Amino acid sequence: MAWSNAVHGYWCNAKTYPTTCRWCGAEVFFFSCDCGCKVFFDSLGPPWPIHECSPEHRYAQAESILGKEGLARAMSRFMMTPLNWGPESGVEERYSQQVIQRKRQPAPPRPRLVRQDPAPGRTVAAVGRLREVAPRIDVHQVLAVPADSVIGFQLLGTLAQEDHARITLHTGDLSKEDGQSYTCLVPHRLLRTAGAAHGDQVFFSLHALDIPGVRCVWVCDAIEGL
Ligand SMILES: [Zn+2]
Ligand SMILES: [Zn+2]
């Protein structure tokens with residue numbers, strides 16, 4: 001889908017987040033859309049230059065921070081490597097103008113936050129701040145599914161197999177006027193590895209898990225501190 005429709009924007013729910021490069025500290029912009037594009041740009045607008053962080057920066061700094069094992073893990077993720085983005089890819093002109101304009105406006109002291117509800121099939125990859133953290137929650141209680149029933153166990157699937165926390169992430173997508181708020185369940189294991197604390201800026205990806213007859217919830221697949 002990404003390769004045949006090379007121009008991304010409103011139609012594919014494109015999102016653009018101002019952030020900093022975790023390796024060199026430069027101001028960059030993280031772009032993602034429903035086609036699966038994940039790419040960091042140096043600046044907004046044509047020609048949408050990809051942030052090509054120097055390999056020395058990436059490897060030397062990453063290894064000093066993460067250690068050899070951590071580096072291998074980080075490199076296998078999408079972090080600063082474009083995904084689904086190639087020489088033929090582009091961004092809609094109207095979308096392009098919108099994000100440039102919004103970047104120029106001073107950020108409001110208290111941006112209005114709009115809660116983003118999960119819907120079956122929805123996924124999101126974004127940069128945001130970690131807000132509320134409930135470190136240990138009872139998934140069965142939260143979703144009102146009895147813990148001692150086989151049906152309950154099957155309904156919750158992987159959610160029932162490990163400990164989860166509940167977190168809220170706030171993002172500021174430049175293509176929208178308001179901030180967005182996502183509340184999700186996150187496996188303890190992921191939160192621990194990320195080492196992220198309240199107020200930290202993080203990369204995250206979520207998918208909507210539809211539990212038949214119960215409800216749809218956001219579940220975090222990846223979270224990593226900047
Ligand atoms: Zn797209
Ligand atoms: Zn960089």
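**Entry 1**

The scale I used calls a residue buried under 20% relative accessible area, exposed over 50%, and partly exposed in between (1.4 Å probe, protein chains only). The model is predicted, so local features need pLDDT of at least 70 and side-chain atom pairs count only at pLDDT 80 or more, while totals for chains, interfaces and linings use all residues. I noted that residues are numbered from 1 along each chain as its sequence is written, and that side-chain values use heavy atoms, with hydrogens and water left out.

The side chain of D163 meets that of R136 in a salt bridge, 2.8 Å from N to O. D163 lies in the loop between α4 (150-156) and β8 (164-171) and R136 in strand β7 (residues 123-137), so the pair ties together parts that are 27 residues apart in sequence. I took a salt bridge to be a side-chain nitrogen of Lys or Arg within 4 Å of a carboxyl oxygen of Asp or Glu. Helices (H or I, at least four residues) and strands (E, at least two) are DSSP runs, numbered from the N terminus. R136 is exposed, with a relative accessible area of 56%.

**Entry 2: other salt bridges**

By this rule I get a count of six salt bridges. One of them joins K103 and E27, at 3.2 Å from N to O. K103 is in helix α2 and E27 in strand β3, so this pair ties together parts 76 residues apart in sequence. I looked up both accessibilities: K103 is partly exposed at 32%, and E27 is partly exposed at 46%.

R189 forms a salt bridge with E162, and the closest N and O atoms are 2.9 Å apart. R189 lies in helix α5 (residues 188-194) and E162 in the loop between α4 and β8, so the parts tied together are 27 residues apart in sequence. R189 is partly exposed at 41%, and E162 is partly exposed at 28%.

**Entry 3: helix α2**

I checked the length of helix α2 (residues 93-104). At 1.5 Å a residue, its twelve residues should span 16 Å, and the end C-alpha atoms are 17 Å apart, which agrees. The expected span is 1.5 Å times one less than the number of residues.

Which residues of α2 are buried? I found Y95, S96, V99 and R102. The buried residues of α2 pack against β2 (15-20), β3 (27-32) and β5 (90-91), where contact means heavy atoms within 4.5 Å.

Notes:
Chains lettered and ligands numbered in written order.
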